[in-house]
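Please consult the sequence and the model shown below.

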Amino acid sequence: MGSHEKIIIIGSGPAGHTAAIYSARAMLSPLMFEGFMAGGVAAGGQLTTTTEIENFPGFPEPITGPELMEKMREQSLKTGTRILTETVHRIDLKQRPFVIEADSGTYTADALIIATGATAKKMELPGVDQYWQRGISACAVCDGALPVFRNKPLVVIGGGDSAAEEATYLTKYGSTVHLLVRRGEMRASKAMQKRVMENPKITIHWHTEAKEVLGDGRLLTAVKVFNNQTQAEATIEASGLFFAIGHKPNTDFLVGQIDLDDSGYILTQPGTPITSVEGVFAAGDVQDKVWRQAVTAAGSGCMAALAAERWLEAQHS
Ligand code: FAD
Ligand code: NDP
């Protein structure tokens with residue numbers, strides 16, 4: 001197959017679909033590659049891995065992640081987007097038009113929106129698969145308010161800004177928050193560390209790593225930990241376990257093509273979707289390691305589509 005397109009969108013989370021809806025309405029007839037288990041996640045992105053979404057505006061009754069993404073997909077199709085269920089393996093941004101290689105062939109595009117998202121890192125501990133989404137989460141802001149965590153002891157693993165932010169956030173809901181830090185210091189900024197250390201509801205366990213998660217068959221009940229200096233083991237009672245050990249942006253296929261930061265996130269000009277390659281725009285979690293929410297991803301998808309539309313217009317005027 002293969003074709004030439006005015007605009008191609010790679011990725012199918014809230015950022016990709018919002019970019020599709022806006023560019024289709026701008027009569028750019030976008031083609032989207034939604035991915036096929038790209039980055040280990042189904043087409044539709046990270047929200048397909050979760051249950052109820054309570055913080056996406058417009059849905060006063062909670063909607064599940066898969067349902068919300070199905071609705072976004074339907075809206076993209078309805079507005080005129082063509083969607084291919086394929087993963088993009090390689091792109092060449094040094095040529096004009098840009099070259100995009102997927103399973104069904106080689107495509108070219110005048111403009112490109114990259115919205116391939118990120119994947120939250122998960123720890124492969126005994127019990128994690130059994131209790132994933134049954135007490136274990138990789139997003140405190142998304143799941144922290146669920147009734148199952150209210151006034152219950154909670155555990156957060158990590159020592160970066162995410163861990164500090166999530167531990168602090170969770171003190172609103174949990175009875176107490178145990179923060180497991182594998183070294184004797186945190187990587188988080190001093191200001192975030194101070195907030196954690198001054199919070200009476202947070203207990204920091206230094207040099208501590210999780211070994212196993214325990215449950216009652218239905219829900220998580222405790223985390224088995226060990227001190228990596230003394231090897232002493234302990235069991236911390238917990239109804240919630242939150243991984244905050246970083247994300248991996250889905251940018252392996254972009255290495256050498258566009259400027260990425262040290263962690264692999266696409267670098268954009270602050271407050272814009274503009275990347276280091278003219279005509280290529282980035283939206284959503286693939287360029288955002290701070291906010292990482294469906295609504296912020298959708299917002300940046302809108303910005304990318306509007307920026308691409310303006311850029312394409314300027315090329316032809
Ligand atoms: P993603 O959702 O990451 O989607 C990108 C998708 O693009 C990928 O999954 C894949 O299908 C596709 N793709 C990747 N690489 C390629 C490629 N090479 N070719 C083609 N396609 C590709 N946020 C909230 O606001 N509320 C919540 O309640 C909430 N709950 C969450 C629960 C969990 C468990 C997780 C992990 C996240 C949650 N989030 C929540 C965060 C939210 O899911 C993300 O911020 C949002 O999905 C980011 O959207 P995105 O469009 O940038 O990318
Ligand atoms: P980071 O990569 O900064 O930190 C990950 C943390 O998890 C580190 O402390 C690391 O330990 C720990 N870790 C990693 N793997 C394991 C493991 N297997 N077991 C135990 N611990 C582990 O990721 P973040 O998501 O925290 O932050 C990413 C970026 O986003 C940073 O640049 C951060 O500053 C930024 N950010 C900013 C925020 C803000 O300004 N409000 C909020 C959130 C993120 P170790 O230190 O030993 O390597």
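## Helix packing

In this predicted model, helices H5 (residues 161-170) and H6 (residues 190-198) pack at an angle of about 35°, their axes lying 9 Å apart. Helices are DSSP runs (H or I, at least four residues) numbered from the N terminus; axes are lines fitted to C-alpha atoms over the stretch in contact, with angles from 0 to 180 degrees between N-to-C directions. The crossing of H5 and H6 is left-handed, that is, the near helix is turned anticlockwise from the far one by less than a right angle.

H5 contributes Asp 161, Ala 164, Glu 165 and Thr 168 to the contact, and H6 contributes Met 192, Arg 195 and Val 196 (contact: heavy atoms within 4.5 Å). Three of these residues are nonpolar, one is polar and three are charged.

Oxygen atoms of ligand 2 lie 2.6 Å from a side-chain N or O atom of Asp 161, 2.6 Å from a polar side-chain atom of Arg 187 and 3.3 Å from a backbone N or O atom of Gly 160. On its own, ligand 2 has 910 Å² of accessible area, 74% of which the protein covers (Shrake-Rupley method, 1.4 Å probe).

## Conventions

Residues are numbered from 1 along each chain as its sequence is written, while chains are lettered from A and ligands numbered from 1 in the order in which they are written. Local features need pLDDT of at least 70, side-chain atom pairs count only at pLDDT 80 or more, and totals for chains, interfaces and linings use all residues; side-chain values use heavy atoms, leaving out hydrogens and water.

Methods
Helix = DSSP H or I, 4+ residues; strand = E, 2+ residues; numbered from the N terminus. Nonpolar A, V, L, I, M, F, W, Y, C, P; charged D, E, K, R; others polar. Polar contact = N/O pair within 3.5 Å; in protein donor to acceptor, adjacent residues only side chain to side chain.
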